[in-house]
4 protein chains.
Amino acid sequence: MERVTRKGIAFDPESLKKFDESAKKKGYANRSEAIRDLIRKDLVEEEKRNPEAEMVATLTIVYDHHKHHVQDELTHIQHHHPDIIRSSLHIHIDQDNCLEVIILEGKVKSIQKLADEIIAAKGVKHGKLVMTKIL
Amino acid sequence: MERVTRKGIAFDPESLKKFDESAKKKGYANRSEAIRDLIRKDLVEEEKRNPEAEMVATLTIVYDHHKHHVQDELTHIQHHHPDIIRSSLHIHIDQDNCLEVIILEGKVKSIQKLADEIIAAKGVKHGKLVMTKIL
Amino acid sequence: MERVTRKGIAFDPESLKKFDESAKKKGYANRSEAIRDLIRKDLVEEEKRNPEAEMVATLTIVYDHHKHHVQDELTHIQHHHPDIIRSSLHIHIDQDNCLEVIILEGKVKSIQKLADEIIAAKGVKHGKLVMTKIL
Amino acid sequence: MERVTRKGIAFDPESLKKFDESAKKKGYANRSEAIRDLIRKDLVEEEKRNPEAEMVATLTIVYDHHKHHVQDELTHIQHHHPDIIRSSLHIHIDQDNCLEVIILEGKVKSIQKLADEIIAAKGVKHGKLVMTKIL
């Protein structure tokens, strides 16, 4: 069971009305659930500013597997960072292109540095990093 | 007086504790104030997705006033959009460089299009658009 | 073999120097590679603005698998959108928490709507969407 | 006169075609200009990661001037940071609401901290920070 604590919060009525509509449209079961998500999102954004914070991240990259031995290079990089890289998912988008999602865990600064290196690898066309945290 | 409506919200205790600490560190007077800000931030993000929404925006640009008659060009663009551009602030950063903040008001798509045009003007080195809304 | 076309580009020397240093630090093999990545990143950002554009996306979510039958709910949502959802990766972060990466493909507006719904599902603590494109 | 240095860059033809179209649509005079802007944007994003970097920033805030003596509070905060705050622009949006743009200069960490404090001030409804740099 999820422990919850109930608190009285003062809202301005107009924003609350709009927020309730927006939350309902997205499919939230209730207002508390939507507000809890906002709070966790905010805490994650805060954490990301701290280079020493421990986080979990997913790095999404797109590459052409025919080019530049990119898969060998990616495998090489990943095997040299067993402390940070947890696993990866590989999707064949079309005949040439792959999408790979790499799961990383560690300090913000280490995740960022390794993500930079992977995105910079010859043959990787695009990469985007998402950090999150268990809250 | 600000009208407020008080509602009971269910929080998970750990996130709430962290959020309270973060809000206090930033200087929020109380938890309700911090949550109201999160809600308004979320509503602004939602609005930005809608090209037809009416918003207020600030465009921050940096340019070298010696180059390419950039000021003439910026004045020219701004005077051709009196319906969107409200005013602007000009700061002399150093001997060569100016920072200008342009206030825009209108539909998201019109603001975005005009901002693209200004940032693309020859001599403008960097530009960044912020949208907001009166909530 | 990757087809390339070589073009002369005018740079300002100071920015180029800084960019070369930054690219080298990240591990880029050469300047052209780093610039090609910037261009693709820019094109992806452009595409995201168009609700009708076809894109590939990864949605990273974190949830506590003990709560609210969240896995049943997520499975239910995913099976109702076989046209958009391609596959997913599930990681056990700790005893309670899972990280799941869902791969989506479709129009920007459909991806966004489904991501909103998944993030809003009871029990999902945090979610973040990354869009990309095969370029 | 702007000093420029001309370099040969290898592009992939399809991305280049799309980029040229996008740059033309935005109003760029030529491809070099559009690429120089991308490079400067990238360098600014890099700098923002470094808490010790010296940057210029604009903070856009919206507030209701009737409430909580917010203007007194904002004036008070601004006068206590003459080393960081350069100037500000005030716009009357409607009968109740003001938009204020505050120009800040200093280390990333100091700018961020002061922006947090201003956004957290009672009565400030929304705030957004943009950092830039003279390049």
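Helix 4 of chain D provides the largest share of the lining of the second largest pocket, 6 residues. The model is predicted: local features need pLDDT of at least 70, side-chain atom pairs count only at pLDDT 80 or more, and totals for chains, interfaces and linings use all residues. Residues are numbered from 1 along each chain as its sequence is written, chains are lettered from A and ligands numbered from 1 in the order in which they are written, and side-chain values use heavy atoms, with hydrogens and water left out.

The second largest pocket holds about 570 Å³ of space. Its lining counts 18 residues, and the closest to its centre are A:Glu46, A:Arg49, B:Lys25, B:Lys26 and D:Asp116. On a 1 Å grid over the protein atoms alone, a pocket is an open set of points where a 1.4 Å probe fits, with protein on both sides within 12 Å along at least five of seven lines; lining residues have an atom within 4 Å of a point. Grid points are joined across faces, edges and corners, and the volume is the space filled by probe spheres set on the points. Three helices each supply at least two lining residues: helix 2 (31-48) of chain A, helix 1 (13-26) of chain B and helix 4 (108-120) of chain D. Helices (H or I, at least four residues) and strands (E, at least two) are DSSP runs, numbered from the N terminus. By class, the lining has 12 charged, 4 polar and 2 nonpolar residues. Asp, Glu, Lys and Arg count as charged; Ala, Val, Leu, Ile, Met, Phe, Trp, Tyr, Cys and Pro count as nonpolar; the others, Gly among them, count as polar.

Chain B superposes on chain A by a rotation of 180° with 0.0 Å of shift along its axis (RMSD 0.0 Å). The two copies are thus related as by a two-fold rotation axis. In chain B, the C-alpha of B:Gly8 is nearest the axis, 2.2 Å from it. Both copies use the same surface: 100% of the contact residues of chain B recur in chain A. Contact means heavy atoms within 4.5 Å. The superposition is by least squares on the C-alpha atoms of residues with pLDDT of at least 70 in both copies.

Over all chains, the structure has 60 salt bridges, each a side-chain nitrogen of Lys or Arg within 4 Å of a carboxyl oxygen of Asp or Glu. A:Glu45 pairs with C:Lys128, with the closest N and O atoms 3.2 Å apart. This pair crosses between chains, from helix 2 of chain A to strand 5 (residues 124-132) of chain C. A:Glu45 is partly exposed at 28% relative accessibility, and C:Lys128 is partly exposed at 29%. Partly exposed lies between buried (under 20% relative accessible area) and exposed (over 50%), with a 1.4 Å probe and protein chains only.

In chain B, B:Arg49 and B:Glu46 form a salt bridge (3.6 Å, N to O). B:Arg49 has a relative accessible area of 41%, and B:Glu46 has 22%. A network of salt bridges links A:Lys26, B:Glu46, B:Arg49 and C:Asp116. In chain C, C:Arg49 bridges to C:Glu46, with the closest N and O atoms 3.7 Å apart.

A:Lys122 sits in the loop between helix 4 (108-120) and strand 5 (124-132) of chain A. A:Lys122 is partly exposed, at 31% relative accessibility. Not counting residues up to four places away in sequence, A:Lys122 touches A:His68, A:Val70, C:Ala29, C:Asn30 and C:Glu33.
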